[in-house]
Amino acid sequence: MDGRTLQERDRQALSALQKLRFFPLSVTAGAGCMLVEEGGRQLLDLSAAWGAASLGYAHPALNLAVAEAMASQAGASILSSTNAPAVELAEKLLDLVPGSDDRRVWLGHSGSDANEMVARVVPEATRRPRIMAFSGAYHGGTLGSMSISGHFAQEGVEKHRGLILVPYPDPYRPFGDDPGGGALLAHIEHLLQAEGTGEEVGCFFMEPIQSDGGMIVPPPGFLSRLSDLCRRYGILTVCDEVKVGLGRPGRLHCFEHEGFTPDILVLGKGLGGGLPISAVVGPSRIMDYARAYSMQTLHGNPICASAALAVLSTIKADGLAGNADTVGRVLIEEIMRATSSTECVGDVRGRGLAIGVELVKDGTSEPNPDLARKTVFRAWQLGAVLYSVGMHSNVLELTPPLILTESQAKFAAETIAQAIKDAHMGLVGDDDISDFTGW
């Protein structure tokens, strides 16, 4: 327009309050798993915009659904009227999510407003004022969702007055030197037994894979045992699958890996394939607690609801959960093979296409956030987009589109291994990343 780059225009026009930048990525187009930068360079997207672009970019099914919804727009809300796409989406979710028949669906814009709604309504509806959650959890960026989160990026935010945070079960860094999680379960039960606390806790928020906390996969059976514990105390289980659900873990729902069914399921990000929509599925005694209790004008709008229906239909029709399982295994195996002699890779973990690569200081388990920052920068230089997460910002997070192919996975592994090697050798300097602070 005036000779300035997109990065220059961005700096002068868009608020820094909403920027989490790791390198100067300027996107002008996208198709499939590829992004096109200003200047025409193509990059393999291994983030899918933090998991939101579940079908990749410009997917025909999503394009068609949105175009048809816009061509005959059935209003813009479910606030004071209903519309067919919103009702059909709710019905579809009730069909896809296991549970009792007496349930309802709440539709929102993001995982943040969905988790905030649950955090508001459960204490009111159950008359139990306390909430339990895990340290490291990032349940959203609104005031209410931040109040029940335990991520370091939200330090200083006032927490829910009844919040109890406990460590997440991390086999790589186990609580009480017990990688199976038994010591942590005993610790949680001890807290519930203390002075009748268990009778005051209305719900326990949990992620079946802790994403922003480090892409941590819990030990087998832990969440099932935790669910049993919660049930004994009458505590509702709230499963936040905003980033790791809907086919990404190699199954439709991540909790299926854990052998339990949550009382309340929270969905977002990939549900809209890149459009803003979230959903909560839960028992009617909670979801119908009060009318007009949690509402925004554009909740349930037919455009985003239509997009979500197309996403769910495509995941099933194209077998994308199975693809995530198959290609995810290839990606993990290839990363492990390519980095087998690399001392700074402490752990490679994940399920399906939700994968974490933990970077440490050579020969130790000490987190290495500087290497992670430089690795994601170098990966961008080499043609791949990924970011770092974790309580120490030292875990490379891979949440690519569910349509990722095996050949793309192999390229991704080679690129990541090369980026780690190059960053370790000092090919990315402090000045290169000085403007890109990440978390």
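**Figure 1. Lining of the second largest pocket in the predicted model.** By class, the residues around the second largest pocket of this structure comprise 18 nonpolar, 4 polar and 5 charged, and the structure shown here and in the following views is a predicted model. The space in this pocket amounts to about 850 Å³. Its lining consists of 27 residues, and those nearest the pocket centre are I78, V105, W106, M287 and D288. Among the elements of secondary structure, α4 (84–96), β4 (103–108), α5 and α9 (284–287) each contribute at least two residues to the lining of the second largest pocket.

**Figure 2. The largest pocket and the residues nearest its centre.** The largest pocket holds about 1,400 Å³ of space. It is lined by 44 residues, and Q18, L20, A49, W50 and K269 are the ones that lie nearest its centre. Two or more residues of this lining come from each of the elements α2 and α5. Sorted by class, the lining of the largest pocket has 22 nonpolar, 13 polar and 9 charged residues. Helix α5 is also listed among the elements that supply at least two residues to the lining of the second largest pocket.

**Figure 3. Helix α5 and the residue that follows it.** Helix α5 covers residues 111–126, and the distance of 22 Å between its end C-alpha atoms agrees with the 22 Å that its 16 residues should span at 1.5 Å a residue. The buried positions are G111, S112, D113, A114, N115, M117, V118, A119, V121, V122, P123 and T126. Directly after α5 comes R127, which has a positive phi near 60°.

Figure 4. Helix α7, made up of the 12 residues 182–193, reaches 17 Å from its first C-alpha to its last, which is close to the 16 Å expected at 1.5 Å a residue. Its buried residues are L184, L185, I188 and L192. Viewed down the axis of α7, these buried residues fall within an arc of 100°, so they line one face of the helix. An α-helix has 3.6 residues a turn, so residues three or four places apart point the same way. On the face of α7 that is turned away from the buried side, the exposed residues are H190 and Q193. L184, one of the buried residues of α7, is also among the residues that line the second largest cavity.

**Figure 5. The two cavities of the structure.** The structure contains 2 cavities of 30 Å³ or more. The volume of the largest cavity is about 80 Å³, and among the 15 residues that line it, G51, S54, G245, L246 and G270 are the closest to its centre. The lining of the largest cavity divides into 6 nonpolar, 5 polar and 4 charged residues. The second largest cavity holds about 40 Å³ of space, and it is lined by Y168, P169, D170, P171, P174, F175, D178, P179, G181 and L184. In the lining of the second largest cavity, 7 residues are nonpolar, 1 is polar and 2 are charged.

**Figure 6. The sheet formed by β1, β2, β3 and β13.** This open sheet has 4 strands in the order β1-β2-β3-β13, and the pairing within it is mixed. The strands β1 (27–31) and β13 (384–385) stand at the edges with a single partner strand each, so one side of each is left without a neighbour in the sheet. Strand β2, residues 34–37, pairs with strand β3, residues 42–45, in the antiparallel sense over 3 bridges. L35 has L43 as its bridge partner in β3.

**Figure 7. Two loop residues with positive phi.** Most residues other than glycine have a negative phi. A58, although it is not a glycine, has a positive phi of about 60°, and it lies in the loop between α2 (48–51) and α3 (60–71). With a relative accessibility of 48%, A58 counts as partly exposed. K269, likewise a residue other than glycine, has a positive phi near 40°, and its place is in the loop between β9 (264–267) and β10 (278–283). K269 is partly exposed as well, with a relative accessible area of 30%, and it is one of the residues nearest the centre of the largest pocket.

Definitions and conventions: Residues are numbered from 1 along each chain as its sequence is written. This is a predicted model: local features need pLDDT of at least 70, side-chain atom pairs count only at pLDDT 80 or more; totals for chains, interfaces and linings use all residues. Side-chain values use heavy atoms; hydrogens and water are left out. Two strands pair if DSSP finds at least two bridges between them. On a 1 Å grid over the protein atoms alone, a cavity is a set of points where a 1.4 Å probe fits but cannot get out, and a pocket is an open set with protein on both sides within 12 Å along at least five of seven lines; lining residues have an atom within 4 Å of a point. Grid points are joined across faces, edges and corners, and a volume is the space filled by probe spheres set on the points. Ala, Val, Leu, Ile, Met, Phe, Trp, Tyr, Cys and Pro count as nonpolar, Asp, Glu, Lys and Arg as charged, and the others, Gly among them, as polar. The expected span of a helix is 1.5 Å times one less than its number of residues. Buried means under 20% relative accessible area, exposed over 50%, partly exposed in between (1.4 Å probe, protein chains only). The arc is that of the directions from the helix axis to the C-beta atoms.
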